[in-house]
Amino acid sequence: MKNFIYILIFIVSLDALYAKDTQKLVWPSPPDEPRIEYVVSIKDYKDLGIEKGFFSKAFDFLFGEEDKPLASPFGAYADKERVYVTDVSYKMLYIFDKKKEKVITIEGSKKENFLYPIDIVTDKNGNIYVSDSVRAKVFVFDEDGDFVRNISFRELQRPVGLAISADGEKLYIVDALSSQIHVTTLDGKYLNSIGKVGDGDAEFNRPTFMDVGSDGRLYVSDSMNHRIQILDKEGNFINK
């Protein structure tokens with residue numbers, strides 16, 4: 001499952017801003033047992049303690065390249081030592097690699113740039129999948145950020161959320177426009193679609209994001225129906 005279950009916005013007063021370093025920001029507040037702790041805010045590579053190498057600095061000096069801190073971060077994902085963030089203003093994917101102390105930025109393939117990158121997920125081989133809701137496709141890159149292929153098919157209209165099946169063999173693509181979840185192989189072969197437009201069980205109204213449990217269950221944010229739906233791996237309704 002995605003590691004970013006601790007996504008939470010803290011609105012902090014000026015007094016808290018200048019509080020002692022030892023003070024922790026947690027939720028919920030005492031006397032309830034804390035379940036989420038604020039760790040760090042990431043705006044650019046410096047927030048993760050990543051230093052630019054000499055050649056990167058030299059390139060910046062010669063060609064005038066400036067650091068671009070996150071402007072409008074949208075999707076976030078983490079695996080192992082990496083944090084992936086899409087930015088819809090810069091139309092870019094940021095990859096913050098803490099272990100290798102480097103930042104990779106991806107703007108799309110050589111033939112076409114991102115227009116509206118939304119969500120990110122990676123598979124067991126390190127391949128990176130990025131949905132583009134305007135391009136109506138999913139871009140696939142290898143671990144180094146080199147373009148591999150696009151995933152697109154007739155049924156795919158407005159891809160947003162992405163997830164990999166628990167067995168690591170399938171890609172789930174949430175389609176906000178068709179109000180379905182499309183299922184493909186990792187190399188992009190279309191298999192089937194789950195759900196249809198509606199407000200009944202296993203029906204959706206503008207779904208956005210999803211995640212997969214270790215047991216294979218699908219957790220889908222059914223946005224305009226104002227609920228989370230839980231389905232089995234075949235798309236059968238379990239709960240909401």
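Predicted model: local features only at pLDDT ≥ 70, side-chain atom pairs only at ≥ 80, totals over all residues.
In total, 10 aromatic pairs are counted. One of them joins Phe 141 and Phe 147 in an edge-to-face arrangement, with the ring centres 5.9 Å apart and the planes at 70 degrees. The two partners can be described by their accessibility: Phe 141 is buried, at 0% relative accessible area, whereas Phe 147 is partly exposed, at 36%. Another pair, formed by Phe 153 and Tyr 190, is tilted, with 5.1 Å from centre to centre and 40 degrees between the planes. Phe 153 sits in the loop between strand 10 and strand 11 while Tyr 190 belongs to strand 14 (residues 190-194), so this pair ties together parts that are 37 residues apart in sequence. Phe 153 counts as buried because its relative accessibility is 15%, under the 20% limit. Tyr 190, at 29%, counts as partly exposed.

Leaving aside residues up to four places away in sequence, Glu 155 touches Tyr 190, Asp 175, Ser 178 and His 182. The side chain of Glu 155 also makes a polar contact of 3.0 Å with that of Arg 154.

Charged side chains come next, with 10 salt bridges in the structure. In one of these, Glu 169 meets Lys 124 at an N to O distance of 3.1 Å. Glu 169 lies in the loop between strand 11 and strand 12 (170-175), and Lys 124 in the loop between strand 7 and strand 8 (128-132), so the bridge ties together parts that are 45 residues apart in sequence. Glu 169 is partly exposed at 43%, and Lys 124 is exposed at 59%. Glu 203 pairs with Lys 196, their closest N and O atoms being 3.9 Å apart; Glu 203 is buried, at 18% relative accessibility. A further salt bridge, 3.7 Å from N to O, joins Arg 217 and Asp 215, and Arg 217 is partly exposed at 34%. Salt bridges also link Glu 112, Arg 135 and Lys 137 into a network.

Finally, the surface carries a nonpolar patch made of Phe 74, Leu 115, Tyr 116 and Val 134, with about 340 Å² of accessible area together. Leu 115 is placed in the loop between strand 6 (102-106) and strand 7 (117-122), and this residue is partly exposed at 32% relative accessibility.

Note on methods: Residues numbered from 1 in each chain as written. Heavy atoms only, no water. Polar contact = N/O pair within 3.5 Å; in protein donor to acceptor, adjacent residues only side chain to side chain. Contact = heavy atoms within 4.5 Å. Patch = residues over 30% accessible without salt bridge, like charges linked within 9 Å, V, L, I, M, F, W, Y side chains within 5 Å. Areas by Shrake-Rupley, 256 points an atom, 1.4 Å probe, with all protein chains shown as cover. Salt bridge = Lys/Arg side-chain N within 4 Å of Asp/Glu carboxyl O. Helix = DSSP H or I, 4+ residues; strand = E, 2+ residues; numbered from the N terminus. Buried < 20%, exposed > 50% of the residue type's maximum accessible area, 1.4 Å probe, protein only. Phe/Tyr/Trp six-rings, centres within 6.5 Å; stacked < 30°, edge-to-face > 60°.
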